[in-house]
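Student: Can we go through this model together? I'd like to start with the sheet and then move to the helices.

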Amino acid sequence: MLLKDEVEMLRRVPLFSGVAPAKLKLLAFTSERVSYKSGQVLFHQGDPADAAYVILSGGADILADSPSGEIKVAEIEHDSIVGEIAILCDVSRTATVKANSPLEALRISKDHFIKLLSDYPEMTIEIMRVLADRLSHTTTELSEARSKQKQHAAK
């Protein structure tokens with residue numbers, strides 16, 4: 001794929017929509033293009049956070065370890081970013097991400113990602129929106145699950 005095509009794909013990702021084309025070109029140039037087959041793991045829960053991934057095509061499942069085994073907590077598709085939480089919090093990976101179809105992505109190193117955020121504060125605001133939305137969905141799902149547990153225990 002040509003650099004200009006990667007730049008165009010990055011522009012479709014809401015997180016990067018406000019970034020200048022020249023900066024996107026630099027980001028695409030300094031990022032690593034990676035491919036995964038269906039079933040291949042991008043990273044495992046607990047791994048060190050060394051990069052974020054922009055999904056260019058395909059999709060992936062976000063899986064978390066639980067006492068009852070691995071559970072699917074979300075699914076991501078093209079024009080999404082994944083792996084940014086552990087970078088921002090400077091912690092190990094909070095979940096496993098596994099391709100659920102052939103997947104193409106740009107792997108953005110931690111250093112480049114942090115530099116981009118410092119150069120473009122509007123990206124930081126967009127990340128806050130994405131993370132707040134995820135937290136809201138997680139809180140809703142947790143509330144529903146606890147409500148079901150209470151109903152089941154009351155029977």
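This is a predicted model: local features need pLDDT of at least 70, side-chain atom pairs count only at pLDDT 80 or more; totals for chains, interfaces and linings use all residues.

Student: What is the strand order in the open sheet?

Tutor: The order is E1-E8-E3-E6, with antiparallel pairing. Strands (E, at least two residues) and helices (H or I, at least four) are DSSP runs, numbered from the N terminus. Two strands pair if DSSP finds at least two bridges between them.

Student: Which strands stand at the edges?

Tutor: E1 and E6 (80-82); each has a single partner strand, so one side of each is left without a neighbour in the sheet.

Student: How many bridges join E1 to E8?

Tutor: Five, with E1 spanning residues 32-36. Arg33 has Leu106 as its bridge partner in E8. E3 (residues 51-57) is joined to E8 by six bridges; Ala51 stands opposite Ser109, and Ile55 has Ala105 as its bridge partner.

Student: Switching to H2. Which of its residues are buried?

Tutor: In H2 (residues 21-30) they are Lys23, Leu24, Leu27 and Ala28. Buried means under 20% relative accessible area, exposed over 50%, and partly exposed in between (1.4 Å probe, protein chains only).

Student: Why do they line one face of the helix?

Tutor: Seen down the axis of H2, they fall within an arc of 140°, so they line one face. The arc is that of the directions from the helix axis to the C-beta atoms. The face turned away carries the exposed residues Ala22 and Phe29.

Student: And what covers the buried residues of H2?

Tutor: The cover includes H1 (3-12), E8 (103-109) and H4 (110-119).

Student: What is Leu10 in contact with?

Tutor: Leaving aside neighbours within four places in sequence, Leu10 is in contact (heavy atoms within 4.5 Å) with Phe16, Leu24, Leu27, Ala28, Val54 and Leu106.

Student: Last one: how do H4 and H5 cross?

Tutor: Their axes come within 5 Å and cross at roughly 110°. Axes are lines fitted to C-alpha atoms, for helices over the stretch in contact, and angles run from 0 to 180 degrees between N-to-C directions. Among the residues that meet are Phe113 and Leu116 in H4, and Met123 and Ile127 in H5.

How values were computed. Residues are numbered from 1 along each chain as its sequence is written. Side-chain values use heavy atoms; hydrogens and water are left out.
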